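The sequence and the model are shown first.

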Amino acid sequence: MANEDDKNGNGQLILDSRTKTKKPSMYKVIMLNDDYTPMEFVVHVLQKFFGRSADEATQIMLNVHQRGVGVCGVYSFEIAESKAQKTIDYARKNDHPLQLQLEKE
């Protein structure tokens, strides 16, 4: 029960409005380079699963090829995990050893 100190002059309970919800942590989906997955396939999955344009996908693919890694996108954990798993499953069905990992931002 509220005591008299918790009420305003109208007898209504005063609520503390300072409570804030915390933003969810974001995760990078990172693609790792391998010597077997064709560049065209990498561009294809970046467009199919990460919504990248042809130019964006090509740039990410080149980063993967030249630097060993490329960021596919940044999402909440559940979305990042889902996109990574769908991409890996699709790559396996097409006989490619493509690897992705998640990294907290």
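**Basis of the report**

The model is predicted, so local features need pLDDT of at least 70 and side-chain atom pairs count only at pLDDT 80 or more, whereas totals for chains, interfaces and linings use all residues. Residues are numbered from 1 along each chain as its sequence is written, and side-chain values use heavy atoms, with hydrogens and water left out.

**Overall fold**

The protein has three helices and three strands; helices (H or I, at least four residues) and strands (E, at least two) are DSSP runs, numbered from the N terminus. Read from the N terminus, their order is β-α-α-β-α-β. A contact means heavy atoms within 4.5 Å. Of the contacts between residues at least 6 apart in sequence, 67% join residues at least 24 apart.

The accessible surface amounts to about 7600 Å², and carbon and sulfur atoms account for 49% of it; such areas come from the Shrake-Rupley method with a 1.4 Å probe, and for residues only the protein chains shown count as cover. A residue is termed buried under 20% relative accessible area, exposed over 50%, and partly exposed in between (1.4 Å probe, protein chains only). By this criterion, 29% of the 105 residues are buried.

**The nonpolar core**

A nonpolar core is a set of buried Ala, Val, Leu, Ile, Met, Phe, Trp, Tyr and Cys residues joined through side-chain atoms within 4.5 Å. The largest one here has 22 residues, and those with the most contacts inside it are Val 29, Met 31, Leu 46, Phe 50, Cys 72, Leu 98 and Leu 100. Two or more residues each come from strand 1 (26-32), helix 1 (39-50), helix 2 (54-67), strand 2 (69-76) and helix 3 (77-93). Helix 1 gives the most, with seven residues.

What does Leu 46 touch, not counting residues up to four places away in sequence? Its partners are Met 31, Gly 51, Arg 52, Ala 57, Ile 60, Met 61 and Cys 72.

**Helix 1**

Helix 1 has 12 residues and reaches 16 Å from its first C-alpha to its last, close to the 16 Å expected at 1.5 Å a residue; the expected span is 1.5 Å times one less than the number of residues. Its buried residues are Phe 41, Val 42, Val 43, Val 45, Leu 46, Phe 49 and Phe 50. These residues pack against strand 1, helix 2, strand 2, helix 3 and strand 3. An α-helix has 3.6 residues a turn, so residues three or four places apart point the same way. After helix 1 comes Gly 51, whose phi is positive, near 65°.

**Salt bridges**

Two salt bridges are found in the whole structure. The term denotes a side-chain nitrogen of Lys or Arg within 4 Å of a carboxyl oxygen of Asp or Glu. Both pairs are listed here.

| Glu 103 | Lys 28 | 3.7 Å |

Glu 103 in strand 3 and Lys 28 in strand 1 are 75 residues apart, and the pair links distant parts of the chain. Glu 103 counts as partly exposed because its relative accessibility is 34%, and Lys 28 is partly exposed at 24%. In the other pair, Glu 56 is partly exposed, with a relative accessible area of 37%, and Arg 52 counts as partly exposed at 24%.

**Surface and individual residues**

Met 26, Val 71 and Val 74 form a nonpolar surface patch with about 200 Å² of accessible area together. Patches are made of residues with over 30% relative accessible area and no salt bridge, where like charges are joined within 9 Å and nonpolar side chains (Val, Leu, Ile, Met, Phe, Trp, Tyr) within 5 Å. Met 26 lies in strand 1 and counts as partly exposed, at 32% relative accessibility.

Ser 76 belongs to strand 2. Is Ser 76 buried or exposed? Ser 76 counts as buried, because its relative accessibility is 17%. Leaving out residues up to four places away in sequence, Ser 76 touches Ser 25, Met 26 and Tyr 27.

Arg 92 is placed in helix 3 and counts as partly exposed at 35% relative accessibility. Apart from its neighbours within four places in sequence, Arg 92 is in contact with Pro 97, Leu 98 and Gln 99.

Asp 95 lies in the loop between helix 3 and strand 3 (99-104). Its phi is near 60°, a positive value in a residue other than glycine. Asp 95 counts as exposed because its relative accessibility is 70%.
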